[in-house]
Amino acid sequence: MQKFIAESPEKTEELAERLAKTLEGTEVIAMFGGLGAGKTAFTRGLAKGLEAGDDVSSPTFALVHEYSGKYPVYHFDMYRIGSFDDLYSTGFFDYEGSGIMVIEWSENIVDFLPEERIEVHIDYLSENEREITIEGAKEI
């Protein structure tokens, strides 16, 4: 387990860029954290680090956004997913193994996530500070 303190959204993005450099292209990144914790900022940093640009927004209504870069990046928002049927209807399982899956609100689907995954927990410390814990990833 690796723990970090990010003092700003930019520092959150920088940390994610560093994680991106360790990825091999088929990882599942399960993100945990409350509203406004910085999950989308973290995903923006991953996309930058994977040369997929920085035009990243939360896929709350679309459920998934796709980005092209070094590897395909599939950015999911599971905020409104409450059952296996809901999850299945998103096409979620069709994406496994075809790129890097970044999943916001993973706590809503934790029972359906693959065992082999990277978990990113973002905890609010203050308006600008976040504690970010990363499990299952290579050292960054």
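The largest nonpolar core of this predicted model has 25 residues, and those with the most contacts inside it are Leu23, Ile29, Phe42, Leu46, Val120, Ile132 and Ile134. A nonpolar core here is a set of buried Ala, Val, Leu, Ile, Met, Phe, Trp, Tyr and Cys residues joined through side-chain atoms within 4.5 Å, where buried means under 20% relative accessible area, exposed over 50% and partly exposed in between, with a 1.4 Å probe and protein chains only. Among the elements that give two or more residues to this core are helix H2 (39–49) and strand E5 (100–104), while H1 gives the most, with four residues. Helices (H or I, at least four residues) and strands (E, at least two) are DSSP runs, numbered from the N terminus. A second, separate core of 16 residues includes Phe32, Tyr74, Ile81 and Leu87.

The model is predicted, with local features needing pLDDT of at least 70 and side-chain atom pairs counting only at pLDDT 80 or more, while totals for chains, interfaces and linings use all residues. Residues are numbered from 1 along each chain as its sequence is written, and side-chain values use heavy atoms, with hydrogens and water left out.

Seven strands form an open sheet in the order E1-E7-E6-E2-E5-E4-E3, with mixed pairing, two strands being paired if DSSP finds at least two bridges between them. E1 and strand E3 (64–67) stand at the edges with a single partner strand each, so one side of each is left without a neighbour in the sheet. From one strand to the next, the twist averages 20°.

E1 and E7 pair in the antiparallel sense over five bridges, and two of the bridge partners are given below.

| Residue | Bridge partner in E7 |
|---|---|
| Lys3 | Thr133 |
| Ala6 | Arg130 |

Leaving aside neighbours within four places in sequence, Ile132 is in contact (heavy atoms within 4.5 Å) with residues including Gln2, Phe4, Thr12, Leu15, Phe42 and Val120.

A further residue lies in a loop. Ser106 is placed in the loop between E5 and E6, and at 0% relative accessibility Ser106 counts as buried. Not counting residues up to four places away in sequence, Ser106 touches Ala30, Met31, Phe32 and Leu113.

Key:
Axes fitted to C-alpha atoms, helices over the stretch in contact; angles between N-to-C directions.
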